[in-house]
Amino acid sequence: SVIPLGVGDEWSAPPPHLSGERERFLDALRPFLLCVGNRKPHKNMETAVDVLARVRRDIPSLRLVVAGEDFGEDGEVMRRARAHGLSDAVIPVGRVDDGELRALYARAAALLFPSRYEGFGLPPLEAMEAGVPVVASDAASVPEVVGDAGFLHAPDDAEGMAADVLRLLTDEGLREEMVRRGRARAASFRWQATAERTADT
């Protein structure tokens with residue numbers, strides 16, 4: 001039996017208050033795309049940097065915030081950022097707890113998820129529940145989670161991802177439609193259903 005994971009209502013609730021200093025730091029990052037994941041190669045964060053480089057041709061103030069295991073200044077992600085001249089625009093915030101992750105979702109312009117492989121893919125589901133549009137890869141299980149509620153591309157299609165990110169950031173009607181679809185999609189993945197199906201197996 002294949003039983004999907006789920007998402008809870010806390011992701012659509014207002015995020016908890018952080019310290020004043022942390023709130024100001026996160027607010028100052030706007031506008032930003034959010035990546036959630038560790039530095040393992042299959043997360044494909046380098047393509048996210050390529051997407052940022054393309055979108056910044058039209059939105060020069062845009063940043064990329066990466067939440068997850070720190071990939072270090074000498075990692076491939078920062079090397080790619082330096083190659084694009086984007087060292088100051090790629091912001092690693094390290095591992096964050098659920099409260100701070102909710103605060104990041106609340107401020108993100110979109111979730112960028114170019115992963116090459118996932119066993120499930122919780123970040124797109126959390127983002128959809130939080131009302132954040134999703135631009136993701138079409139690899140492995142990701143399409144099963146996102147469905148038609150996000151934009152899906154081949155993991156290395158930085159051009160296609162960038163085009164959809166730009167549309168989301170410049171077309172308010174499209175953004176509202178994708179937020180609506182995302183929340184509807186997330187409603188079909190609840191932890192209660194996961195628990196019930198597990199108990200019945």
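Me: In which sense do β5 and strand β6 pair, and over how many bridges?
Reply: β5 and strand β6 (residues 151-153) pair in the parallel sense over three bridges, where pairing requires that DSSP finds at least two bridges between the strands, and where helices (H or I, at least four residues) and strands (E, at least two) are DSSP runs numbered from the N terminus. This is a predicted model, in which local features need pLDDT of at least 70 and side-chain atom pairs count only at pLDDT 80 or more, while totals for chains, interfaces and linings use all residues. Residues are numbered from 1 along each chain as its sequence is written, and side-chain values use heavy atoms, with hydrogens and water left out.

Me: And what stands opposite F151 in β6?
Reply: That is V135, which is also the bridge partner of L112.

Me: How does the chain get from β4 to β5?
Reply: Strand β4 (residues 110-113) runs parallel to strand β5 (residues 134-137), joined by three bridges, and the chain crosses between them through helix α5 (residues 122-130) in a right-handed β-α-β crossover. Right-handed means that, with the strands pointing away from the viewer, the path from the first strand over the helix to the second runs clockwise.

Me: Switching topic, how many aromatic pairs are there?
Reply: The structure holds two aromatic pairs, counted when ring centres of Phe, Tyr and Trp (its six-membered ring) lie within 6.5 Å, with planes under 30 degrees apart called stacked, over 60 edge-to-face and the rest tilted. W11 and Y105 form an edge-to-face pair, 5.8 Å centre to centre with 75° between the planes, and this pair links W11 in the segment before α1 (20-29) with Y105 in helix α4 (residues 98-107), 94 residues apart.

Me: Why is the pair of F120 and F189 edge-to-face?
Reply: The planes of F120 and F189 stand at 70°, with centres 6.1 Å apart, so the pair is edge-to-face. F120 lies in the loop between β4 and α5 and F189 in the loop between α8 (172-186) and α9 (191-200), so the pair ties together parts 69 residues apart in sequence.

Me: Are F120 and F189 buried or exposed?
Reply: F120 is buried, with a relative accessible area of 13%, and F189 is buried too, at 9%, given that buried means under 20% relative accessible area, exposed over 50% and partly exposed in between (1.4 Å probe, protein chains only).

Me: Which residues line the largest pocket?
Reply: F120 and F189 are among them, together with V2, I3, P4, L5, G119, S141, E144 and V145.

Methods: On a 1 Å grid over the protein atoms alone, a cavity is a set of points where a 1.4 Å probe fits but cannot get out, and a pocket is an open set with protein on both sides within 12 Å along at least five of seven lines; lining residues have an atom within 4 Å of a point.
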